[in-house]
Amino acid sequence: MFQFDRAAYDKRMEWFNHDRFGLFIHWGLYAIPARGEWVRSREHMTEAQYREYFNAFNPIDYDPRAWAKAAKAAGMKYAVLTAKHHDGFCLFDSKLTDFKSTNTPCHRDLVREYVEAFRAEGLKVGLYYSLLDWNHPDYPHYADAHHPMRDNPDWKDYKYDFNKYLDYMHGQVRELCENYGKIDVFWFDFSYNDMTAEKWRATELVRMIRSYWPDVIIDSRLEATHSPNNGLENGEPNEYSGDFAGPEQIIPPEGVTNRKGEPIAWEACITMNHHWGYASADKEFKPASMLVRKLVECVSKGGNLLLNVGPDARGRIPRESLEILAEIGRWMDDNGESIYGCGRSSLPKPEYGRITQKGSTLYYHIFEPQIGAIPLTGLKKEQVKSMYLVRDGSERPISDEWATGQYPDIPFVSANGESVRLPDETDTVIAVELAGSAR
Ligand code: GLC
């Protein structure tokens, strides 16, 4: 019987719970049609039709060092790249398939270059690996929920041996464990209908991975894609339940705790526009200021943000995404202290923003200017040892503005002298160091 070891779990998750912010990269052949990574399934493309993209794939501008530098400058500490997406195309030199980047006109092992470049910038490296595979002959075709040939009657009587696919899939994960040094995160995607857990031979897979890298972090989709059908979240983890919950395109309203009320690690994965894979017509990007606030929201609820980019067919991260990353980076340069190593605070969210906490320091994130000084709701004056503006370290005394006198129990602080304009209109952060007894 598998015994979940909470202490070992907490230890394994230390860096992940500290670092808080990562880059998701969805990249593959689908960058060429440029309508997102589901294009083959959605448009019911045949293998021959999709093969055109394989024959054409030649990302001459792929420069993973530039990607790594952009991620680092944004304040990100780790990244996750699609080593294989649902289309089955491998960005690495697998011995088990011909459907890989080294056989396209680009002839490069894109995963190897990625892990080397990101490690060189001091970032942790993760790999996304799709459990689905629309290219493998032994993956269910007809009547599968997602396969491009799911409703094509020509495939109705097609015979396949799913175990052969599982051997292949396990073999590829073994290659990724053996040939690319230490992978920090394995991000499997995804379980659906009866395609979950032991259907993937998940215990065997997890044991194999941990035999190479005992403290690798594994996501939770081998067992279930949406919470709370997952052992980690219902408080009775299985060996394959994984290490963190992965809410997708949503930030959990109250963070994630298991049924016993204990916090568990989670990571919200979110797109910058409306697609994971490159989509040339999708120009609706979330503003950087919104994404900064969403990162703060994740941290204030004890979670991480994995923010996605979809590089194009030439191997370039879209300019809009680079600009957003750079802008987030400027805020992180000033305020990273209120993100790294921080988590949920013991106080409720104030109406104008959010609070993150690290030990006995509370970080008040102020999104909305106030009329006059800002009330530090939830605190008493005697709990405040000292305060400073995080972006420049300048001290902030408790405000003695006359109007605050009506609320003698609440400490107020002025963010910007007499001005009601916040020094940083995206999010101005005031650190409050609590007096010893108030922790
Ligand atoms: C979904 C999609 C997939 C994407 C993933 C990211 O499961 O199938 O395309 O990679 O979400 O979380």
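## Cysteines

A disulfide is taken here as a pair of cysteine sulfur atoms within 2.5 Å, and a search of the whole structure, which is a predicted model, finds 0 disulfides. Cysteine 269 is in no disulfide, since the nearest cysteine sulfur, belonging to cysteine 298, is 10 Å away. Cysteine 342 is likewise in no disulfide, and for this residue the nearest cysteine sulfur, again that of cysteine 298, is 14 Å away.

Are these two cysteines buried or exposed? Cysteine 269 has a relative accessibility of 1% and therefore counts as buried; cysteine 342, with a relative accessibility of 1%, also counts as buried.

## The parallel strands β1, β2 and β3

Strand β1 (residues 21–25) pairs with β2 in the parallel sense over 4 bridges, and within this pairing isoleucine 25 stands opposite leucine 81 of β2. Strand β2 is also joined to β3 by 6 bridges, the two strands running parallel, and here valine 80 has glycine 126 in β3 as its bridge partner. Of the 7 residues of β2, 7 are buried, so the strand is largely enclosed by the rest of the structure.

Threonine 82 belongs to strand β2, which spans residues 78–84, and because its relative accessible area is 1%, this residue is buried. Once neighbours within four places in sequence are left aside, threonine 82 is in contact with Ile25, His26, Trp27, Tyr30, Leu91 and Tyr128.

A sheet of 4 strands is open and has the order β8-β9-β13-β11, with antiparallel pairing. Its edge strands, each of which pairs on one side only, are β8 (353–358) and β11 (384–389). From one strand to the next, the twist averages 20°.

Within this sheet, strand β9 (residues 361–366) and strand β13 (residues 428–434) pair in the antiparallel sense over 6 bridges, and isoleucine 366 has threonine 428 in β13 as its bridge partner. Helix α10 (residues 288–300) packs on the sheet, where it touches β8 and β9, and the direction of the helix makes about 50° with that of β8.

## Aromatic pairs and charges over rings

A pair of aromatic rings is described by the distance of the centres and the angle of the planes. A search of the whole structure finds 33 aromatic pairs. The rings of tyrosine 128 and tryptophan 187 have centres 5.8 Å apart and planes at 20°, and since planes under 30 degrees apart count as stacked, the pair is stacked. This pair links distant parts of the chain, with tyrosine 128 in strand β3 (residues 124–130) and tryptophan 187 in strand β4 (residues 185–189), 59 residues apart. Tyrosine 128 and tryptophan 187 are both buried. Tyrosine 139 and tyrosine 165 form an edge-to-face aromatic pair, with 5.1 Å from centre to centre and 90° between the planes. Because tyrosine 139 lies in the loop between β3 and α7 (162–179) while tyrosine 165 lies in helix α7, the pair ties together parts that are 26 residues apart in sequence. Tyrosine 139 is buried, as is tyrosine 165.

Ring pairs also link Trp27, Phe54, Phe57, Tyr62, Trp67, Phe89 and Phe99 into a cluster. One member of that cluster, phenylalanine 54, has the charged end of arginine 51 sitting over its ring, 4.3 Å from the ring centre. In another such arrangement, the charged end of lysine 77 sits over the ring of tyrosine 340, 4.6 Å from its centre.

In helix α8 (residues 202–212), the residues Ala202, Thr203, Leu205, Val206, Met208 and Ile209 are buried. What covers the buried residues of α8? The covering elements include α7, β4 and β5 (217–218).

Isoleucine 324 lies in helix α11 (residues 319–335), and with a relative accessibility of 9%, under the 20% limit, this residue counts as buried. Apart from neighbours within four places in sequence, isoleucine 324 is in contact with Met272, Phe285, Lys286, Ala288 and Leu291. The C-alpha atoms of isoleucine 324 and alanine 74 are separated by 8.7 Å, although these residues are 250 residues apart along the chain.

Key. Residues are numbered from 1 along each chain as its sequence is written. This is a predicted model: local features need pLDDT of at least 70, side-chain atom pairs count only at pLDDT 80 or more; totals for chains, interfaces and linings use all residues. Side-chain values use heavy atoms; hydrogens and water are left out. Buried means under 20% relative accessible area, exposed over 50%, partly exposed in between (1.4 Å probe, protein chains only). Two strands pair if DSSP finds at least two bridges between them. Axes are lines fitted to C-alpha atoms, for helices over the stretch in contact, and angles run from 0 to 180 degrees between N-to-C directions. Contact means heavy atoms within 4.5 Å. Rings of Phe, Tyr and Trp (its six-membered ring) pair if their centres lie within 6.5 Å; planes under 30 degrees apart count as stacked, over 60 as edge-to-face and the rest as tilted. A charge sits over a ring if NZ of Lys or CZ of Arg is within 6 Å of the ring centre and within 35 degrees of the ring normal.
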